[in-house]
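Hello,

Here is the structure for you to look through. Please open it first, then read my notes below.

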Amino acid sequence: MSGRLIDRTIRPLFPEGMRNDVQIIITVLSVDGANDPDIPSILGASLALNYSDIPWDGPVAAVRVGYLDGKFIINPSYEEREKASLDIVFSGTVDRINMIEAGGKEVDEK
């Protein structure tokens, strides 16, 4: 799932017709067990591409939003995500959102 989040965030920002292979490998060296490393991984991929000479229209940022007990929570922990009725990841550039991944339980349309 993390690989898909990263790919769907950065792929649209490469020049159309680019034929060179680009491979981003994220290696998580430490995990606290409470927080998902997927959002920091998107930021790390963006930083690596931004400092390279690869043609790319970044940088990007990402945030996970949960909805729990009538409140929106920014970057909820695993425990909060299990209890939340909504779990959404947004990512994109300063000008646009280019990826939304969402999951949730039945929630009120408001």
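**Leu49 and its surroundings**

Leaving aside neighbours within four places in sequence, Leu49 is in contact with Ile10, Phe14, Val22, Ile24, Ile54 and Trp56. Contact means heavy atoms within 4.5 Å. Leu49 is found in helix 2. Helices are DSSP runs of H or I with at least four residues, strands are runs of E with at least two, and both are numbered from the N terminus.

Before going on, two notes on the model. It is predicted: local features need pLDDT of at least 70, side-chain atom pairs count only at pLDDT 80 or more, and totals for chains, interfaces and linings use all residues. Residues are numbered from 1 along each chain as its sequence is written, and side-chain values use heavy atoms, with hydrogens and water left out.

Is Leu49 buried or exposed? Leu49 is buried, because its relative accessible area is 2%. Buried means under 20% relative accessible area, exposed means over 50%, and partly exposed lies in between (1.4 Å probe, protein chains only). One of the contacts of Leu49 is Ile24. The C-alpha atoms of Leu49 and Ile24 are separated by 8.6 Å. Along the chain these two residues are 25 apart.

**The core**

The largest nonpolar core has 14 residues. Such a core is a set of buried Ala, Val, Leu, Ile, Met, Phe, Trp, Tyr and Cys residues joined through side-chain atoms within 4.5 Å. Which members touch the most other members? They are Ile10, Ile42 and Trp56. Helix 1 and helix 2 each supply at least two residues of this core. Helix 2 gives the largest share, 4 residues. Ile10 has contacts of its own: beyond its neighbours within four places in sequence, it meets Ile24, Leu49 and Trp56. In soluble globular proteins, nonpolar side chains tend to be buried together.

**The whole protein**

Now step back. The protein has 3 helices and 4 strands. Along the sequence, the pattern reads α-α-β-β-α-β-β. The C-alpha atoms fill a box of roughly 45 × 35 × 20 Å, taken along the principal axes. The protein has 110 residues, and 32% of them count as buried. Take the contacts between residues at least 6 apart in sequence: 50% of these join residues at least 24 apart. The accessible surface comes to about 7,800 Å². Carbon and sulfur atoms account for 51% of that surface. Accessible areas come from the Shrake-Rupley method with a 1.4 Å probe, and for residues only the protein chains shown count as cover.

**Helix residues to look at**

Asp38 sits in helix 2. Asp38 counts as buried because its relative accessibility is 3%. Its contacts, leaving aside neighbours within four places in sequence, are Ser2, Leu5 and Arg64. Arg4 is in helix 1. Arg4 is at 42% relative accessibility, so it counts as partly exposed.

Most residues other than glycine have a negative phi, and most peptide bonds are trans.

- Gly58 and Pro59 are joined by a cis peptide bond, with omega at about 10°. Pro59 is in the loop between helix 2 and strand 1 (61–68).
- Asp69 is not a glycine, yet has a positive phi of about 55°. Asp69 lies in the loop between strand 1 and strand 2 (71–74). Asp69 is exposed, with a relative accessible area of 72%.
- Asn75 also has a positive phi, near 50°. Asn75 is in the loop between strand 2 and helix 3 (78–83). Asn75 is partly exposed, at 38% relative accessible area.

**An aromatic pair**

How many aromatic pairs does the structure hold? It holds 1. The ring centres of Tyr67 and Phe72 are 4.8 Å apart and their planes stand at 55°, so the pair is tilted. Rings of Phe, Tyr and Trp (its six-membered ring) pair if their centres lie within 6.5 Å; planes under 30 degrees apart count as stacked, over 60 as edge-to-face and the rest as tilted. Tyr67 is partly exposed, at 27% relative accessible area. Phe72 is exposed, at 61%.

Best wishes
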